[in-house]
Amino acid sequence: MHEHEPLPWQPYPPLSDAERVARARAFGDSMRTRRSCRAFSEDSVPREVIEAALMAAGSAPSGANRQPWHFSVVASPEAKIAIRVAAEEEEQAFYGGRAGREWLEALAPLGTKADKPYLETAPWLIVVFAQRRNGMRAEDLQHNYYVTESVGIACGLLIAALHQAGIATLVHTPSPMRFLNRVCQRPETEKPVMIIVAGHAAPDATIPAHALDKKPLEQIASWL
Ligand code: IYR
């Protein structure tokens, strides 16, 4: 057999068009109830939930199927504290002026600030790394393709899977975030992309009204 012989397509479940519409709407309706959570309780989430959601993330399409992602899953209090301390240090500088007036004005409706207690209270921090290339030595160096796009898709699936499992999430992007390589013991060839904070919302969690303002279909799509 040829080395690259394709396998037959595995048919999707046969549905009526009405069922297809209903399923797409049901998923959309569910995803529209997802909100970024900025106050987490200490309530636990089973590791199996995180594992299943990571398997969903790992199913994402990627450039040349290189799957250029790594998920460092942090639950230990020591590692969470190390991440909180380093992240807050960067955020102090960010909110203290490094972000610039325009960016800070854009964030004002969200009410975010340098204090990040959720990095310690949430049961899981999923630190996402992008593998720009594999291998350290020139002779076994392998480049990956469309790394940003691939990792972005995987993160979208991860957030969707966690939401479907009833888990609250926050995409957190301390800037710069190279400290995550040190805390998570990942090689310098990997670029930290985001932290996905996962857990349950604290009883007093709030959402900024601004977050409910999603663009209508007419504004996000055009048809030719
Ligand atoms: N990393 C900061 C700032 C921040 C930036 C954007 I763009 C956001 O959508 C939200 C926050 C923080 O986490 O506070």
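In which sense do E5 and strand E6 pair, and over how many bridges? The views below are of a predicted model, in which local features need pLDDT of at least 70, side-chain atom pairs count only at pLDDT 80 or more, and totals for chains, interfaces and linings use all residues. Residues are numbered from 1 along each chain as its sequence is written, and side-chain values use heavy atoms, with hydrogens and water left out.

**View 1. Pairing of E5 and E6.** E5 and strand E6 (residues 190–199) are antiparallel and share five bridges; strands pair if DSSP finds at least two bridges between them. Helices (H or I, at least four residues) and strands (E, at least two) are DSSP runs, numbered from the N terminus. Thr169 is placed opposite Ala198 in E6.

**View 2. The open sheet.** Four strands, ordered E1-E2-E6-E5, form an open sheet with antiparallel pairing. Strand E1 (69–74) and strand E5 (168–172) are the edge strands, each pairing on one side only. On average, neighbouring strands of this sheet are turned by 25° against each other, direction ignored. Angles run from 0 to 180 degrees between N-to-C directions, and axes are lines fitted to C-alpha atoms, for helices over the stretch in contact.

**View 3. Helix H2 on the sheet.** Helix H2 (residues 47–57) packs on the sheet and touches E1, strand E2 (124–131) and E6; contact means heavy atoms within 4.5 Å. The direction of H2 makes about 170° with that of E1.

**View 4. H2 against H6.** The axes of H2 and helix H6 (residues 147–164) come within 8 Å and cross at roughly 145°. Residues in the contact include Val49 and Ile50 of H2 and Ala154 and Leu157 of H6.
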